[in-house]
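Look at the sequence and the structure before reading on.

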Amino acid sequence: IKIMLIPSKVAVIITTYNRHKNLITVIEQLIGQSCVEKIEKICVSDGFDEEVKAICSYYKLNYLFCEKNNNLNSSKGHLARDTGIQNTTSEFLCLWDDDNYYNHDAIENLLECVNQSDIGVCDILFRKSSPVENKKYSRQYGSKEIYRKIPENWSGDFVLRQIDPMNVIVRTSLAKKEKWSDIHVYEGDFIWLNKLMSYNPKVSYSKKNIGIKL
C-alpha cells in the first residue's frame, strides 16, 4: 500500500505587471482549485500597483510588491519571484504567471506528484514554434493543434524550452537556496531549476496535464 503524505499547505505565488484583466482571470482559476483550502495565495507586483492591491484585497490574496529599481532583473519578473519565495512559510510553492491557463485540479496534481519529493514536474501544453515568423497564435484553450506537450520525453533533466515555472512545484526550503534575480536572461526557469539540482533533490514526474502556457 502506497502512503500519500500530501503536504498540508502550498504557496501559489502569482507575479504580475500592469495586466489587471489577466490577473483577475488567473486568480479566479486559483480560487477555483479543487484543493483551495491547502493554498496560501500570494500576488507580487513588479513595482507598487494600487489596482493590483485592490484586486488582491477583494480576492483575499496576500499582496506584495518589489521595488523595480532595486535590481535590473525586476524587468524580467525575477525579483518579484524572489519576493514571493522569501515571504512564504508553506512547505511547497508554485510560481504562476498571470497569462497562463490552469486546470481546476492543477495544484492537486502537483501535490500528488511531489509526494515525498523535493521537486514535482507535471505536463503542460506549450506553444509550438511557427514556421511563419509573424503567425498569430490562438489564445483559446481548446486550440490544441498549435501546442505541444512539455516535457516531451522526460529524462529527469531540466532542458531549455522543455520546462516552465507553471508545471513545477518546489520544496520551499530548497527554492530559497537560489535567487531568480541572479539570473540575467528571460528564460531563467531551466537555469534556476538546474541550480537547485546541485543540491541533489529528489524529483518526481507525472504525465498529468495541469494547463496550457498561452
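A disulfide is a pair of cysteine sulfur atoms within 2.5 Å. The structure is a predicted model.

Q: How many disulfides does a search of the whole structure find?
A: A disulfide is a covalent bond between the sulfur atoms of two cysteines. A search of the whole structure for such pairs gives a count of zero.

Q: How far from Cys-43 is the nearest cysteine sulfur?
A: Cys-43 is in no disulfide. A pair would have to lie within 2.5 Å to count as one. The nearest cysteine sulfur belongs to Cys-56, and its distance is 3.8 Å.

Q: Is Cys-43 buried or exposed?
A: Buried means under 20% relative accessible area. The relative accessible area of Cys-43 is 0%, so Cys-43 is buried.

Q: In which strand is Ser-45, and what are the residues of that strand?
A: At 2% relative accessibility, Ser-45 counts as buried. The strand that holds Ser-45 is β2, residues 39-46.

Q: Which side chain is joined to that of Ser-45 by a polar contact of 2.8 Å?
A: Beyond its neighbours within four places in sequence, Ser-45 touches residues including Thr-16, Val-52 and Cys-66. Cys-66 is itself buried, with a relative accessible area of 4%. Tyr-63 is also in contact with Ser-45. The polar contact of 2.8 Å runs from the side chain of Ser-45 to that of Tyr-63.

Q: What does helix α1 reach from its first C-alpha to its last?
A: Helix α1 covers residues 20-31, which is 12 residues. At 1.5 Å a residue, 16 Å is expected. The helix comes close to that, reaching 16 Å.

Q: Which residues of α1 are buried?
A: An α-helix has 3.6 residues a turn, so residues three or four places apart point the same way. The cover over the buried residues of α1 includes β1, β2, α2, β4 and β5. The buried residues of α1 are His-20, Leu-23, Val-26, Ile-27, Gln-29 and Leu-30.

Q: Where does Asn-100 lie?
A: Asn-100 is buried, with a relative accessible area of 3%. Its contacts beyond four places in sequence include Val-26, Gln-29 and Met-166. As for its place in the chain, Asn-100 lies in the loop between β4 and β5.

Q: What separates the C-alpha atoms of Asn-100 and Asn-22?
A: Asn-100 and Asn-22 are 78 residues apart along the chain. Their C-alpha atoms are separated by 8.6 Å.

Q: Which strand pairs with β6 in the parallel sense?
A: Strand β8 pairs with β6 in the antiparallel sense over three bridges, with Val-168 as the partner of Val-121. Strand β7 also runs antiparallel to β6, joined by four bridges, and Ile-150 in β7 stands opposite Ile-124. Asp-123 has Asn-209 in β9 as its bridge partner. Over six bridges, the strand paired with β6 in the parallel sense is β9.

Q: How many residues of β6 are buried?
A: Strand β6 takes in residues 119-127 and is mostly covered. Of its nine residues, the number buried is eight.

Terms used: Residues are numbered from 1 along each chain as its sequence is written. This is a predicted model: local features need pLDDT of at least 70, side-chain atom pairs count only at pLDDT 80 or more; totals for chains, interfaces and linings use all residues. Side-chain values use heavy atoms; hydrogens and water are left out. Helices (H or I, at least four residues) and strands (E, at least two) are DSSP runs, numbered from the N terminus. Buried means under 20% relative accessible area, exposed over 50%, partly exposed in between (1.4 Å probe, protein chains only). A polar contact is a pair of N or O atoms within 3.5 Å; within protein, one must be able to donate a hydrogen and the other to accept it, and residues adjacent in sequence count only if both atoms are side-chain atoms. Contact means heavy atoms within 4.5 Å. The expected span of a helix is 1.5 Å times one less than its number of residues. Two strands pair if DSSP finds at least two bridges between them.
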